[in-house]
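Reader: Hi! Could you walk me through this one while I have it open on my screen?

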Amino acid sequence: MGRGRAEEGLHPPFCVGLRPTPESLRSFDPDKWPIRRFLVDISAENKMVREMARDFARNELAPKAAEMDEKGRMDPDILSKMAQLGFWGIPWPEEYGGTGMDVLSYIIAVEELSRVCGSTGITLAAHTSLGCYPIYAFGTEEQKIRYLPRLCSGEYLGAMGLTEPEAGSDAGGTKTTAVRDSDGWILNGTKTFITNSEFAGTFVVATSTDPPAKTRGITAFIVEKDTPGFRVGKHENKMGLRGSSTTELIFEDCRLSDAQRLGEVNQGFRVFMKTLDGGRISIGALALGVGQGAFDEALKYSQQRVQFDQPIINFQAIQWMLADSATKLEAARHLVYNAARRYARGEDHHREAAMAKLFAAITCREVCNDAVQIHGGYGYIKEFPVERMYRDAKLMEIGEGTNEIHRIVIARDLVKRGFPRHDFE
Ligand SMILES: Cc1cc2nc3c(=O)[nH]c(=O)nc-3n(C[C@H](O)[C@H](O)[C@H](O)COP(=O)(O)OP(=O)(O)OC[C@H]3O[C@@H](n4cnc5c(N)ncnc54)[C@H](O)[C@@H]3O)c2cc1C
């Protein structure tokens, strides 16, 4: 790069000698500047959802994301506005109150919201992939008719309770018990780290109905909020994604009728593993969005920040960080969108979802790290969004299965089906 982009008139106005302020960055409109977009081909419907989510993120989330992070609480007004726009029912059929759009539209919505506010992104992802999917895929017609319209309208948020204090990666080690009696089932136990709990109307929970059988003794139930014997416990004070609700769930002689059972007795492990296959794509989209958001901030900042009488983007060290970040984000987008398309076509997506989530999670952490580095000391200050995004990024490598567990999932599939996969199809 010979002349600076400043001299070529290609970068937004900046004040030589002054540092960019959060205000100047906020007023910068990337659409007015020739910043290249990194896009994989998507349909007209996908584009429409992307524009809606992007507008919503800019107009509604950007002014509130830092405040929600600071307070450690989701703003309920955001949830209501998302309901008005139909965010809560994107991929579900219209007969159940959904919008009937494809899975990629939903994934793109998670990506775009997360680009500005990861807390809102994970709220939508957990609701759709963990709260709604198991009811849609494994519920009886009565259960679908009872719950999905309320979930799609946003009257209820959805949540899923699999993790327990002593059963995280080893989900088959579920200790919460469901014991059958003449009237139905009695649940006792504790779930931990459950997303959306404080706003949720339904909780799909894993119980042990035959403890010695481990994974073959798990049964899923739908628990409604306000069920006697069930309560939402401690709100976690988190490192990142602080605007999202994460709590314990406590069951103390919680009585459920058999109509609340989701799927067959002792067949619940499959319900949760299938749910996680889809959920991983949505966490991939969350990671992609947070990483893209940090990249957007870093690219803007590097064109505004002047050191040694020129924008820092003139320095090759900065260019390389941006080039590597853009390349990894583009690769992550291909993996996430490919997994979503396989899912939408009803094809097996077990390995693709794991690969997409693993790669997007690592990419997100690395891109956020470089974005803070590009901001120098200002990246360490809360006024600049990359500070929040850097903290948000870490969850991607833990939630819905750690990186280590994803590598186990991928490796097992390689042993089972070889690589490349299409040689065997
Ligand atoms: C913000 C947040 C939101 C969450 N939301 C939900 C939710 O909505 N619903 C829900 O059910 N859960 C949720 N979780 C839980 C999450 O899925 C678990 O934290 C995750 O699966 C890891 O379990 P763990 O925390 O018990 O870690 P552990 O399983 O104790 O793992 C500790 C370490 O050991 C490693 N490890 C464990 N087993 C192996 C192995 N076999 N080989 C190699 N390494 C191993 C792990 O990779 C990790 O590094 C959430 C967690 C967080 C932090």
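Author: Happy to start with Glu400, which sits in the loop between helix H11 (385–393) and H12; helices (H or I, at least four residues) and strands (E, at least two) are DSSP runs, numbered from the N terminus. This is a predicted model, where local features need pLDDT of at least 70, side-chain atom pairs count only at pLDDT 80 or more, and totals for chains, interfaces and linings use all residues. Residues are numbered from 1 along each chain as its sequence is written.

Reader: Okay, what is the phi of Glu400, given that it is not a glycine?

Author: Phi of Glu400 is positive, about 55°. Most residues other than glycine have a negative phi.

Reader: And is Glu400 buried or exposed?

Author: Glu400 is buried, because 31 other C-beta atoms lie within 10 Å. The cut-offs are 20 or more other C-beta atoms within 10 Å of its own for buried, 12 or fewer for exposed, and partly exposed in between, with C-beta atoms placed from the backbone.

Reader: What about Asp253, buried or exposed?

Author: Asp253 counts as exposed, because it has 11 C-beta neighbours inside 10 Å. Asp253 belongs to strand S7 (residues 246–256), and its phi is also a positive value, near 50°.

Reader: Switching to the ligand: how many residues surround it?

Author: There are 22, and the closest are Leu162, Gly168, Ser169, Thr402 and Glu404. Here a residue is near a molecule if its C-beta atom, placed from the backbone, lies within 6 Å of it.

Reader: Which element gives the largest share of that shell?

Author: Strand S3 does, with three residues. Helix H6 (118–138), strand S1 (157–161), strand S3 (184–195) and helix H12 (403–417) each supply at least two.

Reader: Where does the ligand lie relative to the domains?

Author: Between domain 2 (159–267) and domain 3 (270–424), because both give residues to the shell. Those domain bounds come from an automatic or database domain assignment.

Reader: Last one: which residues does the cis peptide bond join?

Author: Phe419 and Pro420, with omega about 0°. Pro420 is in the segment after H12. Most peptide bonds are trans.
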